[in-house]
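Good morning, colleagues. Please keep the structure in view as I speak.

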Amino acid sequence: MCLGIPGELVAADADNPDLAVVDVGGVRRRINVALLTEEDLGVGDWVLVHVGFALSKISESEAQAVLDYLEGLGTAYDDELDALRGSDIT
């Protein structure tokens, strides 16, 4: 199964505008935001992340609804976050 997981933008990459850092469940990851060049993305915005790419900008309420659902999955979501924690940010 492939999931898009909400992430909150916490930093932009000044050297590469196609990259940004998101917080996904307390784990920070560098992602590619090039697919959303027409969006006005900034720190605090929420995006739907899949395999390292931001696919769409979403509202905070939509992000929270998805996070609530994912947390309800229990160990499957916890395992995914553990895998993210074990990988490099860059």
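Strands here are DSSP runs of at least two residues, numbered from the N terminus. The model is a predicted one.

I begin with the second largest pocket, whose volume is about 180 Å³. Its lining consists of 15 residues, and those nearest the centre are Ala12, Pro17, Ala20, Val33 and Leu41. Which strand gives the most to this lining? Strand S1 does, with 3 residues. At least two lining residues come from each of S1, which spans 5–12, and S2. Sorted by class, the lining comprises 11 nonpolar, 2 polar and 2 charged residues.

Let me turn to Ala20, which belongs to strand S2, residues 19–24. Is Ala20 buried or exposed? Its relative accessible area is 6%, and because buried means under 20%, Ala20 is classed as buried. Beyond its neighbours within four places in sequence, Ala20 makes contact with Leu9, Ala11, Ala12 and Asp13, and also with Arg29, Arg30, Ile31 and Val33. As for Glu38, its C-alpha is 15 Å from that of Ala20, with 18 residues of separation in sequence.

Finally, the loop. Asp45 sits between strand S3, 27–32, and strand S4, 46–50. A polar atom of the Asp45 side chain lies 2.7 Å from the backbone nitrogen of Gly42. Setting aside residues up to four places away in sequence, Asp45 touches Gly7, Glu8, Leu9, Asp40 and Lys57.

How values were computed
Residues numbered from 1 in each chain as written. Predicted model: local features only at pLDDT ≥ 70, side-chain atom pairs only at ≥ 80, totals over all residues. Heavy atoms only, no water. Helix = DSSP H or I, 4+ residues; strand = E, 2+ residues; numbered from the N terminus. Buried < 20%, exposed > 50% of the residue type's maximum accessible area, 1.4 Å probe, protein only. Contact = heavy atoms within 4.5 Å. 1 Å grid on protein atoms, 1.4 Å probe; cavity = no way out; pocket = protein on both sides within 12 Å on 5 of 7 lines; lining within 4 Å. Points joined across faces, edges and corners; volume = space filled by probe spheres on them. Nonpolar A, V, L, I, M, F, W, Y, C, P; charged D, E, K, R; others polar. Polar contact = N/O pair within 3.5 Å; in protein donor to acceptor, adjacent residues only side chain to side chain.
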